[in-house]
Amino acid sequence: LNFVVDTGASVVALPQGMATSAGLSCQRQVMTITANGQALACTTMIQTLKFGGFTLRNVEAIISPNLSQPLLGMNVLKQFRVEQDSGEMRLITKN
């Protein structure tokens, strides 16, 4: 998957179809507030999330039926130092 880095997203967010393909199921329904207004979504837990050279375990996420692209939210981003230079963004492990 290609995630959109979204500092405005509290948690990782996945479109319904991608979550279903990954075998993720709804744990409980929640109301979310997005740039497009309120939306009904549900919570899930990603047991293992791998991207680049990183592996994270037990990552909270939401499944959103109206989302077109997966979002990498602040629950993941806050675990890294984020740098941007010459149009390139880097995630670096915090020491």
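This is a predicted model: local features need pLDDT of at least 70, side-chain atom pairs count only at pLDDT 80 or more; totals for chains, interfaces and linings use all residues.
Take F51 and F80 to begin with, whose rings sit 5.8 Å apart, centre to centre. Their planes make an angle of 65 degrees, and the pair is edge-to-face.

How buried are the two partners? F51 has a relative accessible area of 16%, and because the cut-off for buried is under 20%, F51 counts as buried. F80 is buried too, with a relative accessible area of 6%.

Now stay with F80 and turn to F54. These two residues also form an aromatic pair, with 4.6 Å from centre to centre. It is edge-to-face, with 65 degrees between the planes. Here again distant parts of the chain are linked: F54 lies in strand 5 (residues 54–64) and F80 in strand 7, 26 residues apart. F54 has a relative accessible area of 21%; since buried requires under 20%, F54 is classed as partly exposed.

As you look at the model, you can follow F80 from its pair with F51 to its pair with F54.

Note on methods
Residues are numbered from 1 along each chain as its sequence is written. Side-chain values use heavy atoms; hydrogens and water are left out. Rings of Phe, Tyr and Trp (its six-membered ring) pair if their centres lie within 6.5 Å; planes under 30 degrees apart count as stacked, over 60 as edge-to-face and the rest as tilted. Buried means under 20% relative accessible area, exposed over 50%, partly exposed in between (1.4 Å probe, protein chains only). Helices (H or I, at least four residues) and strands (E, at least two) are DSSP runs, numbered from the N terminus.
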